[in-house]
Amino acid sequence: MTRRPLQALTFDLDDTLWDNQGVMALTEEGHYAWLDESLAAWLATRGESMLGQFAERLPLEAYQQRRRELAERHPLRRGNFTWIREQALCGLLEEFGLPRSAARLWSLAAMERFHDLRLGVSPYPEVTTMLDALGRRYRLASITNGNLALRRLALSRHFEVSIAAGEMHAPKPDPRCFLMTLARLGTTPERAMHIGDSWQEDILPALRLGMQAAWIAGDAPHGEALPAGVHRLTHIRELPALLERLGE
Ligand SMILES: [Mg+2]
């Protein structure tokens, strides 16, 4: 039986279309430091400095610990990082001594800052031209577990469908986010390829559904032969050549 040609490509975002690590570290530290400074200034103008310095009493590690606890206590929401962060910040601010209403406002403001910093990602230089060309041939979608405000990035224009899987309580490797994406693109698993860097969250679920998969493996060691339908790439820029080799 000859395989029918691909109709759709679905892309992971973080560490597939850009290097996420540096931006994430800056974002993590940056929004917490912003909260610490802005809150201190606000308290000073109100003559309430006796509460002390927020991040001295509740350092970044306390925030990270609180997020882990929340994710454990709310397994359904474990992939909804924005919710977890907001709840954690609000709880810490109350513990610090703010009334609930102020804690809520400050946690929302800190998350605004978080999203601004998070948008500092730089797609690899080849990505825009590549998506432009692929978009003329295939229907394109993105599926991320991350909480990046994708709509605010110019890159989002390439994707007909963009799924924030964590926020729909079905983070990858849950097959539902893939199935929903394919349904919205009006195609079937065997006529789609998923492209991502995580073996567990991108490649395995795509394979189980019967999609083709391109694994952005970077310099991961070469182990046993890959299952049929999985193609190994070092970098996203190699995708067009792969599609050509496959006769797509
Ligand atoms: Mg990724």
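**View 1. β1 and β4, side by side.** Four-bridge pairing opens the tour: β1 and β4 run parallel and are joined by 4 bridges. Strands here are DSSP runs of E, at least two residues long, and helices are runs of H or I, at least four residues long, all numbered from the N terminus. Two strands count as paired if DSSP finds at least two bridges between them. In this pairing, Ala 8 sits opposite Ala 192 of β4. This is a predicted model, in which local features need pLDDT of at least 70 and side-chain atom pairs count only at pLDDT 80 or more, while totals for chains, interfaces and linings use all residues. Residue numbers start from 1 along each chain as its sequence is written.

**View 2. β4 under cover.** β4 is mostly covered, with 5 of its 5 residues buried. Buried means that 20 or more other C-beta atoms lie within 10 Å of a residue's own; exposed means 12 or fewer, partly exposed is in between, and the C-beta atoms are placed from the backbone. Ala 192, His 194 and Gly 196 point one way from the strand, while Met 193 and Ile 195 point the other way. On to the next strand: 4 bridges tie β4 to β5 in parallel, and His 194 has Ala 213 of β5 as its bridge partner.

**View 3. β2 and its two neighbours.** β2 is mostly covered too, with 5 of its 6 residues buried. It runs parallel to β1, with 4 bridges between them, and here Arg 139 of β2 is the bridge partner of Ala 8. Another 4 bridges join β2 (residues 139-144) to β3, again in parallel. Along that pairing, Ala 141 stands opposite Val 161, and Ile 143 has Ile 163 as its bridge partner.

**View 4. Inside the cores.** The largest nonpolar core has 33 residues, and Ala 8, Met 193, Ile 195, Ala 213 and Ala 214 touch the most other members. Such a core is a set of buried Ala, Val, Leu, Ile, Met, Phe, Trp, Tyr and Cys residues joined through C-beta atoms within 7 Å. Elements that each supply at least two residues to this core include α7 (175-185), α8 (199-209) and β5 (212-216). A second, separate core of 19 residues includes Leu 39, Ala 88, Trp 106 and Phe 114.

View 5. The chain splits into domain 1 (8-19 + 122-245) and domain 2 (21-118), with bounds taken from an automatic or database domain assignment. Their C-alpha centres lie 32 Å apart. The contact takes 10 residues from domain 1 and 10 residues from domain 2, where two residues are in contact if their C-beta atoms, placed from the backbone, lie within 7 Å.
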